[in-house]
Each structure stands twice: as structure tokens, then as C-alpha cells.
Amino acid sequence: MISTKDFPKFSDSSGSLTFIEGENHIPFTISRVYYVYDVAENALRGHHAHKQLEQYLMCVHGSCSVWMDNGKSKEKIRLDSPSTGLYVGPSIWHVMEDFSPGAVLLVLASAPYDESDYIRDYEEFLRYVKEKDV
Ligand code: TYD
């Protein structure tokens with residue numbers, strides 16, 4: 001379930017640079033970029049799944065943990081590198097937690113914001129993945 005990718009990184013004594021090209025480094029055209037920041041200590045984010053949306057998540061500053069749940073099992077990964085992206089595809093319930101102070105979570109998404117693509121109720125999510133499995 002956990003699939004990460006290390007993006008190109010150029011580092012020298014003056015600093016580091018990472019770049020990401022849609023369709024080259026990630027398997028979709030980037031349609032939307034958003035970022036989560038100013039997250040309070042002990043706050044949880046996410047708590048939903050998407051029907052179609054594909055996303056890459058990366059902590060470009062600080063770190064956070066991401067729980068991924070496909071309805072059958074759960075896995076947790078710590079994102080702590082600005083050049084490592086986590087792929088979150090459709091039908092994955094995800095929860096972000098344990099944000100370090102000042103952490104910035106950058107997300108590249110395959111489509112514009114669409115509330116009808118969200119499943120925000122966990123029981124509904126379990127029914128959805130079960131029906132899809134049949
Ligand atoms: P949400 O996806 O629930 O955030 P998180 O998973 O980090 O908890 O979005 C929070 C709010 O922001 C929600 O009211 C919808 C809105 N929103 C947009 O309007 N556009 C966007 O691109 C995103 C990601 C969220």
C-alpha cells in the first residue's frame with residue numbers, strides 16, 4: 001500500500017533543490033497544488049478517502065506521519081524528507097498526524113477540488129471498498 005518516490009535533488013554548499021515534473025516523475029498531470037501548514041500539536045488531518053483522485057504528498061518542511069488504510073489493513077509512514085513523495089491513490093483512507101512544529105505538507109493532485117469525490121464517513125468507506133472488491 002505504501003509507495004514512495006524520491007524526486008531529483010541537487011545539493012551543494014549553497015543549499016538543496018528538488019523538482020517534480022507531472023507525467024515524468026509522477027504518473028499523472030498535476031491539476032492542483034495545495035499545502036497544509038500551521039497544524040496544531042496533536043491535530044489530525046485527512047480522515048477521508050477519494051473515489052478517483054490521485055495525490056503525491058511530501059513534507060517539504062518538518063515531518064508528519066500518514067496512516068493509510070485500504071479497508072483491510074493499515075500502514076503508517078513517517079514523511080521527513082522534502083524530496084520524498086508518498087503516493088495516495090483512490091480508495092485509501094488516510095489520516096495525517098504527529099506534525100512537527102512548523103511542518104508544511106505539500107500535495108500534488110490529479111484533479112481540481114471536488115467534494116463529491118470525497119468519502120468522509122469511515123463506515124461508508126468500508127462499504128465502498130467492499131462493493132468494489134466484489
Ligand atoms: P480537507 O481535504 O478536508 O483537508 P484535510 O484532509 O487536510 O483535513 O479540506 C479542508 C477544507 O478545505 C474543506 O472544507 C475543503 C477545503 N478545500 C478546498 O476548498 N480546496 C482544496 O483543494 C482542498 C484540499 C480543500
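**Ground rules.** Residues are numbered from 1 along each chain as its sequence is written, and side-chain values use heavy atoms, without hydrogens or water. Because the model is predicted, local features need pLDDT of at least 70 and side-chain atom pairs count only at pLDDT 80 or more, while totals for chains, interfaces and linings use all residues.

**Ligand shell.** I looked up which residues surround the ligand and found Arg32, Tyr34, Arg45, Gly46, His48, Tyr113, Tyr118 and Arg120 (a residue is near if one of its heavy atoms lies within 4 Å). By class, I noted three nonpolar, two polar and three charged residues; Tyr counts as nonpolar, Arg as charged and Gly as polar.

**Polar contacts.** I looked for pairs of N or O atoms within 3.5 Å. A ligand oxygen lies 2.5 Å from a side-chain N or O atom of Arg32. For the side chain of Arg45, I read 3.0 Å from a ligand oxygen to an N or O atom. At Gly46, a polar backbone atom is 3.0 Å from an oxygen of the ligand.

**Burial.** Taken alone, the ligand exposes 530 Å², and the protein buries 62% of that (Shrake-Rupley method, 1.4 Å probe).

**Strands.** I checked which elements give two or more residues to the shell: strand 4 (32-36) and strand 5 (45-50). Strand 5 gives the most, three residues. Strands are DSSP runs (E, at least two residues), numbered from the N terminus.

**Aromatic pairs.** I searched the whole structure and got nine (ring centres within 6.5 Å; planes under 30 degrees apart are stacked, over 60 edge-to-face, the rest tilted). Tyr56 and Tyr87 form a tilted pair, 5.6 Å centre to centre with 55° between the planes. Tyr56 is in strand 6 (residues 55-61) and Tyr87 in strand 9 (residues 84-88), 31 residues apart.

Note on methods
Polar contact = N/O pair within 3.5 Å; in protein donor to acceptor, adjacent residues only side chain to side chain. Helix = DSSP H or I, 4+ residues; strand = E, 2+ residues; numbered from the N terminus. Phe/Tyr/Trp six-rings, centres within 6.5 Å; stacked < 30°, edge-to-face > 60°.
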